[in-house]
Structure formats: C-alpha cells, structure tokens
Amino acid sequence: MVGIIGCGNMGRALLGGLLSNYRKERVLVYDKDRSKLSKLKKDSLLRKAKNLEEVVNKSSTIIIAVKPQDIREVLEGIRGFYRNQLIISIAAGITTSFIEKAIGKKTRVIRVMPNLPAKVKRSVTGLSKGRYASLADLKKAKRIFKSIGSCLVLKEKYINPLTAISGSGPGYIFYFLYCLEDSALSLGFSKEEAHFLVFNTFKGAGELISEKDDFLELVEKVASRRGTTEKALLYFKKKNFKRIVKEAIEKANKRAEELSKRITT
Ligand SMILES: NC(=O)c1ccc[n+]([C@@H]2O[C@H](COP(=O)([O-])OP(=O)(O)OC[C@H]3O[C@@H](n4cnc5c(N)ncnc54)[C@H](OP(=O)(O)O)[C@@H]3O)[C@@H](O)[C@H]2O)c1
C-alpha cells in the first residue's frame, strides 16, 4: 500500500499519477484537513485514512507531501509506528538526515523534488536516496514519480540547485511569458490577442524542442541575419540578460540552502 500524507496541491497531483499506475485499493490518503479529503474524487474504492497512525500502519511506502513547516509534526506522528517502511518526502529543504534523525531508527528515506507541472503529469522530479535507503527503494520511488513526469537521480547536494532550476523554473517561464504579453499590449494588441499570441508561441516553441536539442542552435533557426529576432537578441546580450538569469538562479539556490538550514536546525 502507498500512503500519501497531505493532499494539497502536490499530494493531489501525485494521487492523479499514482492512480494511473496503481490499483485504487492500493493507495491510502490522509490529510489533517478533512475538507481536502472530501474534495477528492467521490470514489468508494479510494481509501481515506482516519489518522496518521492508520496510514503508517497500513502502508509499506509513505509519501510525505505536507509543507516543510509541518513536517516535524508528521515525523513525530510516524515515529511511534515506524516499522522500516519506505519514507518518501517531497518537502522542500528537508534533508534525508533530518528525517532519519527525527524518526530515530535506520529510516529508509528518499528525498524528492518535483515541480508544478506534476498537475499535468509533466513534472521534472529530482530524487536522492538517504543513507539507509537501498537502490531498490530508489527504483520504487522513481516508478512512483514517473507517473507524474520525468525523473533525475542525483546526489543529495544537488537537490537544492535542482530546486533553483526545475523546481522554481516554471515560475521564471511564466514571468517571461507575462513580460512578453505586456510588450504585446504596448504594441497595441488587446489583452485577449496578446495572451493568444504568447500562449500559442510558447506552446509551439515548447513542442518544437526535443531533449537532445541545443538551445542556441534553435535560437539561430529563428534569428536570421540582420532580422527582427536578431535585433531583439542583440539588445538582450547588450543588457547582459544571461548574467541576470545566472545571478537570479544563484539567489534562488542560496535561498534554498537558507531555508534548508532554517527548518532543519
Ligand atoms: N507546490 C509546488 O509547486 C511544489 C513543488 C515541489 C515541492 N513541493 C513541496 O510539496 C509539499 C506540499 O506542497 P503543497 O503546495 O502541496 O502544500 P499544500 O497545498 O499546503 O498541501 C499540504 C497539505 O498537507 C496538510 N497537512 C499539514 N499538516 C499535516 C499533518 N500533520 N498531517 C496530515 N496533513 C497535514 C495541509 O493541511 P492544512 O492546509 O490544514 O495545513 C495541506 O492540506 C511542500 O513541502 C512543498 O515544499 C511543492
């Protein structure tokens, strides 16, 4: 049985993925906010736990999908009933050693960082194993998270940098789209037209790229010499857009480290 603790944004996204791979009877969900559970599909086969104890006792794999600030309470709840189940945590900044110490036994932990497109089964998920988790545990976690997108296994020291790139990445892309839309408004397009242009440009460009593509080569395919794209790109370069992006990512990475330290010390 796979148990999910916390059925907010991410817990629900995961549940959607899990239900396409696991039989409903093999998934057990729990949230301290009962209204979140009642919002889930009115499906008699989907099992809802009454309390944390029930999830821990009935699950061989436990996914913790609560906010980082709520994790201590959850780990305290798990501690008394822990019988060597696999614990998978998606809480940002919470290290595997923090969970191992909080539960106090040789806890099998996998730390995972998905991103928001999990909602449409297109998450990019980073996974890292703790010291007591086995390669088979990692494989199991990968199987679960493949149900909501693609996975990358990393050493734990890379999970915060991954958070700065793919975890926060959708937010950067949405912001760039907003800026493009704002520019379209300045050129005289209506709000609907601007949104239509940006949305479809993004969808088309997104479908054009493949995993193996070199992004700069794609840029060159759009930017003909002395043309319109080149003119805009030269301005980006003059203003050192690449450096701005790099500095912003460094800030996000530093913040991930800070949050990690603040929560776990
Ligand atoms: N959202 C993202 O894009 C994203 C991406 C990657 C990773 N994550 C990670 O995913 C985790 C969940 O994020 P989210 O956005 O899904 O949060 P969320 O929407 O707030 O969902 C968390 C749920 O857990 C419940 N909860 C809190 N304490 C609990 C407890 N002791 N036992 C059972 N349930 C409890 C919360 O109830 P209350 O509302 O009553 O507190 C809430 O329903 C976070 O740790 C976050 O770092 C999120």
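Of the 265 residues of the protein chain, 38% count as buried, where buried means under 20% relative accessible area, exposed over 50%, and partly exposed in between (1.4 Å probe, protein chains only). The model is a predicted one, in which local features need pLDDT of at least 70 and side-chain atom pairs count only at pLDDT 80 or more, while totals for chains, interfaces and linings use all residues. Residues are numbered from 1 along each chain as its sequence is written, and side-chain values use heavy atoms, with hydrogens and water left out.

The protein chain contains 12 helices and eight strands; these are DSSP runs numbered from the N terminus, helices being H or I of at least four residues and strands E of at least two. The C-alpha trace spans about 70 × 40 × 30 Å along its principal axes.

I173 is placed in helix α8 and is partly exposed, its relative accessible area being 41%.

The second largest pocket has a volume of about 830 Å³. Its lining comprises 29 residues, of which M10, A65, V66, K67 and P68 lie nearest the centre. The elements that give two or more residues to this lining are α1 (9–21), α4 (71–79) and α7 (159–167). By class, the lining has 15 nonpolar, seven polar and seven charged residues.

The backbone also deserves attention. Most residues other than glycine have a negative phi. K121, a residue other than glycine, has a positive phi near 60°. K121 lies in the loop between β6 (108–113) and β7 (123–129), and counts as partly exposed at 40% relative accessibility. R226 likewise is not a glycine, yet has a positive phi of about 60°. R226 is found in the loop between α10 (215–222) and α11 (228–238), and is exposed, with a relative accessible area of 72%.

Definitions and conventions:
On a 1 Å grid over the protein atoms alone, a cavity is a set of points where a 1.4 Å probe fits but cannot get out, and a pocket is an open set with protein on both sides within 12 Å along at least five of seven lines; lining residues have an atom within 4 Å of a point. Grid points are joined across faces, edges and corners, and a volume is the space filled by probe spheres set on the points. Ala, Val, Leu, Ile, Met, Phe, Trp, Tyr, Cys and Pro count as nonpolar, Asp, Glu, Lys and Arg as charged, and the others, Gly among them, as polar.
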